[in-house]
Structures are given as C-alpha cells and as structure tokens.
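Good morning, and thank you for the time.

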Amino acid sequence: MEDIFKEIEPQVYKSQISVPYQWWAGETASKFFITLRDEKKILGTECPQCAKVFCPPKKTCPFCYVDTKNWKEVGPKGKVITYTVVYRQLAALKKNVPVAYGLIQLEGSANAMLHYIEGIEPEKISKGMEVEAVFADEKSASIHAISYFRPVK
Amino acid sequence: MEAAIIGVGMTTIEKSKVGETYADLAWEAVNKALNDAGLGIDDIDNVITTSSDFWDGRTISCMAVGDASGVRYKNCSAVEGDGTFGAAYALARSLSGDYKTTLVTAHSKGSESISSIITNAAFDPIYERGLGLDMISACAMQARAYMHATGTTPEQLALVSCKNHKNAKDNPYAQLPMDITVKDVLSSEMIADPLHKLDCSPVSDGCCAIIIANADFVKKIKAKPVWIKGVAFCSDAYFMGDRDLSKAKALEEAAKKAYSMAGITNPQNEINVAEIYDAFTYQELMWIEGLGLAEYGKAGLMLEKGIFNRDGKLPVNPSGGLLSGHPVIAAGLYRIAEVVLQLRGEAGGRQVNAKRGVAHGVNGLCGQSHCVWVLDKEK
Amino acid sequence: MAKRRVAIVGTGQTHHRSHRPDVNGQELIHEAVTRALEDADLSIKNIDAIIIGNMDHFEGINYVDCWSIDGSGGYHKPVIKLTTGGTTGSTLAIGGYHFVASGMFDKVLIIGWEKNSESDTTGAITTAFDPVWDRLVFAGAISGLAVEAQSYMAKYGATDRDGARVSVRDRKHACNNPHAQLRKEVTLEEVLASPMLADPIHLLDVCPRTDGACAVIMASEDYAEKITSTPDWIWATANRHKYTYLGDVNWGELDSMAEASKDLFKKCGITEPRKQIDVIEMYQPYSFAGIIWIEDMGIVPRGKGAEYIWSGATDMGGELPINPSGGVIACNPIGATGLIRCAEAALQVMGKAEARQVPDVNFAVSTGFGGCMWTDMLLHGKKKPNL
C-alpha cells in the first residue's frame, strides 16, 4: 500500500499541565507540623489496637483500620533503614547532586520517614547508622521544619 | 476459569514514536489483535482501555484512544494503572455473563513527558513530595534494602541486565537489544546508588492490545486460545516507611491466590516461562522470589546458574523484559501478550518450550501493588 | 445477563462541603468507607477487593489507588483504580457489579472521592480535551454545556425559564438531604437573576465544586441476603462513551444517553420507562440537562421535556421524582458524584432515604455523565433480577 504519510515531518506541540494545588494537610498532619515548627518536637500517633506508633503520624492505622488515639513524642534520634545517594541531576530533585535520601526510623516509632541525610560524606552512609534530626532555622510548618538527618556524633 | 486470550497485538516499543499519536498507536495494536484473533471490531462487544492521566498529560486520558479502540457503539470502561490491571477488569467483564469478548488496550508515551516529575507526583504531597524523590531514587532505596537482606550482589543485578538485553535481540518489538557484559553495567553511570544506568529500564513509547473471550465464544472461533487459569492482584501499604521494602509481601499474596486458582502447588516446577515487571534489575530477582519461582534470596544464585536464561529450566523475560523497553502502563499487558505468544509456540527467535506461564505487572512505587496472571495452553 | 446476582448492601457518604481543611484526601476517604461499613454492619476484614476512582488532576496525585491505602483500608487487598472523568463514580459502580457478577470477588468496596477545593477545577478539566485540536479553542465544562443548551433551545424553543425550573426543583429537594452541600431553596427569579456564566447558563443553573467521598458495598446474592433484608439488586448496567472530539458531538441531544438507555432497558425488559421506573438519580450537572436528557432516556418524547418538568411530575410526590437527593446541582465532588447517584438510588430501593424517600420504589435508575458527552447507567430493583 502506498504510504501517504511518507514525506510528512511530524509536528510536536509543546504545552504543560499547570494546575495550582493547595493540599489540606488535615488536623493530624497540621498538629505534627505545628509542633515541629514551634517546639522542635517530633510527634507520632499510636494505634490503640496494634500499639504501633507512626511517624509520620496517621489519623488511622492502615493495618487495623481504626483511628489512632494518642500522640507520642518520638526521635529526634533514629536509625537509617535504607538509603540511596543520587548522582544524576534527576528533574524532581530540589538540591544539587549528590543528594542522599534515607528511610529513617525514629526512636519510639514503628515505621520510618523519608528525609535527607547530610553532614557526612555520601560514601560513608551505612544501613543501621544512627542519625538525628537537624531542625531548620527558618520557621516552617512543613516537612522542611527538619532540614535533614545527620549522624549522631 | 472459563475465559481465554484469543488475540494479541503489539506496536514496536521505541524511544520516541514522534510521528504517531496515542490513537495511532492504539489503532495499530487493536487491529493487530483483531487480525490475530481472526475477528472484526463488530465481534467485540465491550472495550477496556488502560491509560494514565499523569503519563499522558491529559485529564480523562482514556478519551484519546476511544475512537481508535472502537468504543463508539459499545459498552466500555477505563482502568488507570498497569495493563495487567486493565486486563483483570476485562476478565471480570468477560466472566460476568454480560459480555462475550472484551478488547483491552494499554498505551503510554514516556517520550512526551519527564518521568522524574511524573513519578515524584506519586509521593504524598503533605509528608514527602517536597523532598524531590522519584521512582529511581525510591527504587534505589529498595534495591539496597533487598541486597542487604539477601546478600544479592551488584554483579548479580548486572547479570539480569545482560540476560534481558541479549534476549531482546530476538524480539522485533524490543527497544534495546544489546550484547553487554557485567562490567559494562557496573561501569555505566551511577544514577542513584546502587542503581547504574544499565540497571534501569528506558523511557519508552508503545501500545499493546489483547482480546479476552469467555469459553462459549472460544468454542465458536478458529483462533488458538490461551487459557486464563488464575488472576490475582494485591496492594501493600502505601508509605515506603510502613513496609519492609526488602520483601514483596503483596506479590507473594497475589501469587499464592493466582496459583491456588490454577491448581498450582509447586510453581518452580509447574511454571515454564515467566514475563516479569523488571523496571530495574533488582526487581526481576525480587519479583521472581515473590512469585515463588525461587526461594527468598536465592534468585541471584539461580540466575548465575543460567536457570532463568532462555535455554534454562525456567526462562524469565525471554522477550527482554522492561529493561529492553518500558512503556509504562502498557508494560504489563506486553508481558501477557508475550506469554501468550510463547504458549502458542509463536514467539519466533525468542521461543522457549512452555506449556504454562506467568505474567506480572506492577502499580505504584517500589512494587506496592502487583497483578499476577497464570496462563496455560490447555483449558 | 449476569451469571450471578449482585446487590448493594451498604452505602456511606461524607457530609459534602465546599472545603474540608480538617482532613486530607486519605482521611476523607476513610470517613465514607467507615460509614458504608457501619451501614452494612461489616468490618474491613470482610471486604475482598476495593475499586477506587477520582480525577487525577483535581488533586495532583499519581497512582491514587496506591496512595489512598490508609483511607481505603486496602492494605493487603486487591485494589484497582477506574477513572473516566465525570463518569468516574458510575464507572466504579459498574466495575463493582462486574467484579462481583464474575465470581472473582464476593464483597467489593467501591470508593469515589474528590477534593475539588485543592485545585482549579476548570483548569484541570480543560486538559481533558485533545491538546492539539480542542484544548486551544474550546474546552472547560460550562462552554460545552452551554452549546448543548443553545442547540436544544434553537430546536424546540425552550427558554432559560424552563432550565431554571429544574434548578428550583433540585435545590428544593436538596433541603431533605443532610449530605448535600447546598441546602437552600431558590426561586425562578433568583435563578434567572444570578450571573450569566455562558449564555443561557446562569450561576444557579450549575453545580458547585465540592469536597466529598462516597463508598458503596456490593455483594453476591448469597452474602447480600445475609447482610441486609433489603438489598438493592443491580439489574443491569450500560454505558456509551461515544465521542473523542467535541466537534463530533450531536449537540442538543445526548446520543450516549439515548443509546445506553436503549441497551439498559432492553437488558431488563423495561418497555415503558416512564411507568415502570419509580425514581431517577441523574448526574445532571446543570439545569437544562434535566429537560434534554429525560427525552434521550425515553421518559418523554422529543421536545416535551420542559412541559413534563413544569407539570411537577419530577418533583417529590410527582409521577416520577428525579433527584430526590438534590442531585449534582446541590453537590458535586466529581469523582464521587456518579457513585453518589448510585448510592442514593440504592437508598431509595432499600427504603432508607429518610426525608427524601420516594414511596414504594421498585425500580430506580442512576446515571453518570462526563467526558465528551458520555453516559453511564445502572438499573436498581427491589426484586431480584432474572438470571
């Protein structure tokens, strides 16, 4: 069959989806972030059934599917569950490479939170390493109220 | 189960299909599947398209392929996620008694967007997204957790890449057929430690279509059916910190259920071919174990022994897998189509000797949600 | 027809509001799910699979099926996401029906949700249309609907007063529904005096933006009858997503509704819908649709929609009440909206609709609208369908 599209140069139309978002954190995350900002304390929530303490905190326990009840202070020390060091400047990154990320399980918490690991040469980061939260100087009720986690001296 | 796959159609998987729209891709795959089944579009009584609004840069992304998939005068629906999930809903419709023949499509053009930003949007906007993670950095953390827990080595990961890129040389649909060595993989760019560039699947464009029919319809046609014996899917917890990343618990559960539906008690002996969602090298090994095709932590050793090679006892990704071409969303449906070709003995240069096979797809970060298909030559 | 019977055995809705800053998306979903579980007296352990949906760009979250686990209860369960734009909620209901009818699952939890307050709704909807053709010149929700209304008015001589009458009806009905977002009666004059958005559509002719979630539990016959003494049996489903380009649409008639209705009624042996159906929960995002689409559904002949509305037949107490819940004009969390229609129809059949109950409902119809003038439909019945 004759290819009627043979000589055609494909045109590419460029655009982007730019929808502004405002995510309501909800009362649980709001309490966590406000306490982090104002008191430099890290809070978790406790499940009344399985007694797990979650940090980041949850309004409901995903395992038991009930509302969590108590606030518990956790951290600011914890250990590195796993980590990576990113060397390519991937588009989503907010910092210049190398960027080290870790899953940090805080003392007193059953789960782990994602955050940066800094204050150490990236090659020296290890699984199980003890780290502590470094709080940001600038006041912000967000995950950035913690600047990063650094090794415990 | 009383249903079979009676036709498959794939476009080639390429880095950039700049000359073709989503509709063009769907049109090609759908017509190939119809020809394969020896059917016309009027023989199809309902359609499921699979797409992602994020990957396509379009709200209601299914709209783009409706015409090309022949939905105009039919009942239809749309699944968002991997094509194996789209096919699972299609199977439900074929088994419900309301329909006889369900056409399933899945498409994606990674070339049209930036995968790092798209997958960053899978992170929780309140607790995580602002940190700048994406699929590669998240999976690098999982790779490390898995390697640490099992003692799997970077060389073993690299061997997955060598095997799959080599397999792709006999797959006319594959994007990256290559002869590479373990050394090539280990000396390729370190993107996110421990994942090198050649540990990662590429960004790809492609569309796949399959036709699922109930048993009554299969009796009436000439096409060679491949029977669906078991299908199951299962999700793990969402937050990476809520899971043991070194284990694929949700996959174990899905596999267990799919095998039990298929009457399989010893998958290592009873499965002859597997097409697995190897978005990264470590994932092929982890998912092999999650699927019960190797003991936990032993897939790397079995790989070294050649068991998963095309001429091994249990060939894994004889097509070259996702490492040789990864159109997100469509990738799992390609796995199903590949197993269908294998079981029909129509896989050309990549053919293995198989009576029963498993195909596998994934949704979400670090293999949160898995879908497992057990397919058989015989009813 | 289906291999086995499927029924709705429980429903749950949030109290829908324009903004829900007290909860994030996962927490909002959790609210609807716990209410549905309570309604059916089940625990999350009894649920075999979860079907969830929304529209991605309203909240900007990729892989919502995965992200929502804390709220949906999907930990170590099969979870699948269906999405088709405005029809998402009804698409989910149709999905739940097929997953149960197929025998793959016995008890399925269906969740539709949206937090429309978290983004620019029109900005996101605009991206639904073809990026090369439609998006640049003609998109967004209201413009398309205005074209439909104008086309119909030109053909049949309807007026914006006719449209306003539908809005008056739905807003009055909403006062009986504690879950509705807007619960305030309006007069014809108020509708007509409200700002003109896109001629002939006034502000009070259209739906609001809403934060809300809805959950519905479907079960197979053997479980359904143990769970409740008044299951809502799904007799059949049908849909048409006919068009891809706005320019293809047959403006002034909703072809997708006409074809889906024919399909649905044929499957169930409904020959005189106006007489046989007792109540309709219609996904009617603006007032004029209340006139046009009942013609497509075959309730009244072409051009007779307005007359039927003015007769009061579709009001509470009339021959065929439409939208006892207040419908979409009173409340529109988009990904949930179609499922809310389904849940409200189920409440009518189950006799649990309280102040908005229509007496003696044997058959109810729920619909979904969205995409490029697309329609989804379900027929709900008090009696068991034939197999």
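I begin with helix H1 of chain A, residues 26-39: its 14 residues reach 19 Å from the first C-alpha to the last, close to the 20 Å expected at 1.5 Å a residue, the expected span being 1.5 Å times one less than the number of residues. Helices here are DSSP runs of H or I of at least four residues, strands are E runs of at least two, and both are numbered from the N terminus. This is a predicted model, in which local features need pLDDT of at least 70 and side-chain atom pairs count only at pLDDT 80 or more, while totals for chains, interfaces and linings use all residues. Residues are numbered from 1 along each chain as its sequence is written, with chains lettered from A and ligands numbered from 1 in the order in which they are written.

Which residues of H1(A) are buried? They are A:Gly26, A:Thr28, A:Ala29, A:Phe32, A:Phe33 and A:Leu36; buried means 20 or more other C-beta atoms within 10 Å of a residue's own, exposed 12 or fewer, with C-beta atoms placed from the backbone. Seen down the axis of H1(A), these buried residues fall within an arc of 145°, so they line one face of the helix; the arc is that of the directions from the helix axis to the C-beta atoms. On the face turned away, A:Asp38 and A:Glu39 are exposed. After the helix comes A:Lys40, with a positive phi near 50°.

The cover over the buried residues includes strands S1 (42-46) and S8 (146-151) of chain A, together with helix H1 (25-40) of chain C. Between these chains, 19 residues of chain A are in contact with 22 of chain C, contact meaning C-beta atoms, placed from the backbone, within 7 Å.

Conventions
Contact = placed C-beta atoms within 7 Å.
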